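Reader: I am new to protein structures and would like to learn how to read one. Could we take it feature by feature?

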Amino acid sequence: MALLRSGFQVMLTLIVCLLLVADASAQERRISLQGQVSDDDGRPLPGVSVRVSNTTLGTATNLDGTYDLEFRTERETFTIEFSFVGFKTERRQVSESGTIN
């Protein structure tokens, strides 16, 4: 009887752990952003910093001014910051994957 009770407790513990892991991963979303950064004349800007505000997540534009940024978040909305020397930092509010130029 003690062995049966012990096996039941182990099984119950495993089920609870699996439910907690499933719940945590269900709330997290995978975000994929891409785009091209250019100046007012339409020329691509290489080396622009593109980052998620209040995080360490980010990237920089390549020689064509394009970028790709993928990350996971639990937030409903988040802010992307574009910064470059000599230009005013621009912020965009985002809620889903897509293209931001």
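Reader: How many bridges join strand S5 to S6, and in which sense do the two strands run?

Author: In general, strands of a sheet pair through backbone hydrogen bonds, either parallel or antiparallel. This is a predicted model, and in it strand S5 (residues 78-83) is joined to S6 by 5 bridges, the two running antiparallel. Follow individual residues across the pair: Glu 81 has Arg 91 in S6 as its bridge partner, and Ile 80 stands opposite Arg 92 in S6.

Reader: Which strand pairs with S2, and over how many bridges?

Author: S2 pairs with S5 in the antiparallel sense over 4 bridges. Within that pairing, the bridge partner of Arg 51 is Glu 81 in S5. Recall that Glu 81 also has a bridge partner in S6, namely Arg 91.

Reader: What is the strand order of the sheet that holds these strands, and which strands are at its edges?

Author: The order is S3-S2-S5-S6, an open sheet of 4 strands with antiparallel pairing. Its edge strands are strand S3 (58-60) and strand S6 (90-94), each of which pairs on one side only. On average, neighbouring strands of this sheet are turned by 15 degrees against each other, direction ignored.

Reader: What is the order of the sheet that contains S1, and what kind of pairing has it?

Author: That open sheet has 3 strands in the order S4-S1-S7, and its pairing is mixed. S4 and S7 are the edge strands, each pairing on one side only. Strand S1 (residues 29-36) and strand S4 (residues 66-73) run antiparallel and are joined by 8 bridges. Arg 30 stands opposite Arg 72 in S4, and Leu 33 stands opposite Leu 69 in S4.

Reader: How many helices and strands has the whole chain, and what is their order?

Author: The chain has 1 helix and 7 strands. From the N terminus on, the elements run α-β-β-β-β-β-β-β.

Reader: Which residues have the most contacts inside the largest nonpolar core?

Author: In soluble globular proteins, nonpolar side chains tend to be buried together. The largest nonpolar core here has 15 residues, and those with the most contacts inside it are Leu 33, Phe 78, Ile 80 and Phe 82. S1, S2, S4 and S5 each supply at least two residues of this core. As for S5, 5 of its 6 residues are buried, so the strand is largely enclosed by the rest of the structure.

Reader: Is Phe 78 buried or exposed, and what is Phe 78 in contact with?

Author: Phe 78 counts as buried because its relative accessibility is 2%, and the cut-off for buried is under 20%. Leaving aside neighbours within four places in sequence, its contacts include Arg 29, Ile 31, Leu 33, Val 52 and Phe 71.

Reader: How are the rings of Phe 71 and Phe 78 arranged?

Author: The structure holds 3 aromatic pairs. One of them joins Phe 71 and Phe 78: the ring centres are 5.2 Å apart and the planes are at 85 degrees, so the pair is edge-to-face. Phe 71 is buried too, with a relative accessible area of 7%.

Reader: Why does the pair of Phe 84 and Phe 87 count as tilted?

Author: Its ring planes are at 45 degrees, so the pair is tilted, with the centres 5.6 Å apart. Phe 84 is partly exposed at a relative accessible area of 27%, and Phe 87 is partly exposed at 45%.

How values were computed: Residues are numbered from 1 along each chain as its sequence is written. This is a predicted model: local features need pLDDT of at least 70, side-chain atom pairs count only at pLDDT 80 or more; totals for chains, interfaces and linings use all residues. Side-chain values use heavy atoms; hydrogens and water are left out. Two strands pair if DSSP finds at least two bridges between them. Rings of Phe, Tyr and Trp (its six-membered ring) pair if their centres lie within 6.5 Å; planes under 30 degrees apart count as stacked, over 60 as edge-to-face and the rest as tilted. Buried means under 20% relative accessible area, exposed over 50%, partly exposed in between (1.4 Å probe, protein chains only). Axes are lines fitted to C-alpha atoms, for helices over the stretch in contact, and angles run from 0 to 180 degrees between N-to-C directions. A nonpolar core is a set of buried Ala, Val, Leu, Ile, Met, Phe, Trp, Tyr and Cys residues joined through side-chain atoms within 4.5 Å. Contact means heavy atoms within 4.5 Å.
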